[in-house]
Amino acid sequence: GGRHGGGRGAVARAGRGRGAVDGDLFMGAMRVARGETRRRREPEKWESATAGAIAGAVSRTVVNPLDVIKIRFQIQREATLASAAKAVGKYRSVGQALVCIVREEGVPGLWRGTVPGLLLTVPYCAVQFFALETFRSTFQAKRGGQKPEGERGLIDRERTLSFAGGAFAGVAATTASYPFDLLRTTMAAQGVPKQYPTMLHAARGVVAQRSLFRGLYAGLGATIVEIIPYSALQFGLYDIFCAAYDREIKRSSPDSRGAGGGARGASLDWGYLASKPFLCGLASGFIAKFATHPLDVVKKRYQVAGLCRSASYGKGFGVQEVAVLGIFRLLGKIVREEGLQGIYKGVTPSLMKAAPSAAITFAVYSLALDYIAKDR
């Protein structure tokens, strides 16, 4: 048999040429990522962590410009649309913001915060997928394995645990990498002229202004509140969407992928490789981000409280003005002062970033895990 040993990745299963994906899709990427092999070897936790780190690095670099635009909108008090009652802010649309940033800060301005972003995303994704694998293996050890995919419903008790596993992984990853999230936001938000030329300067400035823990962990509570539903939805829905996708493929073309033996089984089906993780990742990432975007706006405002920026960017946020408010009181304040639109500022670039970011992360994770497994 010329099959890839390991068969990891959200699409490595498809690479064996099967119409029906036999292994279940537990924990979103994790269940899709392993697949079944002749040896049925589960990935080691370090393999999951390494593949997750690689996926995070690629995804972060690709979508960073949209992240910069999103952050600029989220921390802008002024309206994005012309109104007789409200002043219009510096940024009014994704296209206008893109042109404005490039004109004033050059193309590198779109990649502001990339270094702290990578320092955030790489450990975040590594811890996230490590936690997913830990949760999955612990769950299976207690349950004594899982039913074959063909015997399971699209939404059943076991599959719904994907939501719990996603939430667990999100909290673990967020707690481990949060200071880099705050520094990434600070670097991306400051604009020109820069208050902090480097990430180290930003760290020193934040700590000097707000103390070590209150500074580097400002907004952690809001982030945890946001990440629990976000990660639960992203991984839980990804699991369900992948299961539905595989069932539809099996139903529509049961013989198109055949048994996949020999050289045919060893070659990757690139059409399936591209469509499955991207479509499922796009859908789950889109829904999860839209549902939790207001909490992301609150988090960003906690993180940039006290940041000095040019007056051209509008009125800033004082530490005492924001930090003393709880999450829901700050949400209410934003709605009162900026309208319902205020808690959805930056939602367009946020969705444009989150959906492809999830798709890229799942796909690259799968390929990286497959490559690591083949070398062992």
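How many salt bridges does the count come to? The count comes to 19 in this predicted model.

**View 1. Crossing of helices H2 and H3.** The axes of H2 (residues 45–74) and H3 (residues 94–105) come within 10 Å and cross at roughly 105 degrees. H2 is therefore roughly perpendicular to H3. On the H2 side, Val-68, Ile-69, Arg-72 and Phe-73 make the contact, and they meet Val-94, Ala-97, Leu-98, Ile-101 and Glu-105 of H3. Seven of the contact residues are nonpolar, two are charged and none is polar.

**View 2. Nonpolar cores.** The largest nonpolar core holds 20 residues, and Ala-51 and Tyr-365 have the most contacts inside it. Two or more residues each come from H2, H4 (114–143), H8 (220–252) and H13 (347–374). H13 gives the largest share, eight residues. Another core, of 14 residues, lies apart from this one and includes Val-68, Ile-75, Leu-110 and Val-304.

**View 3. Salt bridges of Glu-226.** Glu-226 forms a salt bridge with Lys-289, with the closest N and O atoms 3.7 Å apart. Because Glu-226 lies in H8 and Lys-289 in H10 (residues 270–304), the pair ties together parts 63 residues apart in sequence. Glu-226 also meets Lys-299 in a salt bridge (3.7 Å, N to O). Lys-299 is likewise in H10, 73 residues from Glu-226. Glu-226 is buried at 3% relative accessible area, and Lys-289 is buried at 8%. Lys-299 is buried as well. These three residues belong to a network of salt bridges that also includes Arg-60, Asp-67 and Lys-353.

**View 4. Salt bridge between Asp-246 and Lys-276.** The two side chains meet at 2.6 Å, N to O. Asp-246 is in H8 and Lys-276 in H10, so the pair joins parts 30 residues apart in sequence. Both Asp-246 and Lys-276 are buried.

Conventions:
Residues are numbered from 1 along each chain as its sequence is written. This is a predicted model: local features need pLDDT of at least 70, side-chain atom pairs count only at pLDDT 80 or more; totals for chains, interfaces and linings use all residues. Side-chain values use heavy atoms; hydrogens and water are left out. Axes are lines fitted to C-alpha atoms, for helices over the stretch in contact, and angles run from 0 to 180 degrees between N-to-C directions. Helices (H or I, at least four residues) and strands (E, at least two) are DSSP runs, numbered from the N terminus. Angles under 35 degrees count as roughly parallel, over 145 as roughly antiparallel, 65 to 115 as roughly perpendicular and the rest as oblique. Contact means heavy atoms within 4.5 Å. Ala, Val, Leu, Ile, Met, Phe, Trp, Tyr, Cys and Pro count as nonpolar, Asp, Glu, Lys and Arg as charged, and the others, Gly among them, as polar. A nonpolar core is a set of buried Ala, Val, Leu, Ile, Met, Phe, Trp, Tyr and Cys residues joined through side-chain atoms within 4.5 Å. Buried means under 20% relative accessible area, exposed over 50%, partly exposed in between (1.4 Å probe, protein chains only). A salt bridge is a side-chain nitrogen of Lys or Arg within 4 Å of a carboxyl oxygen of Asp or Glu.
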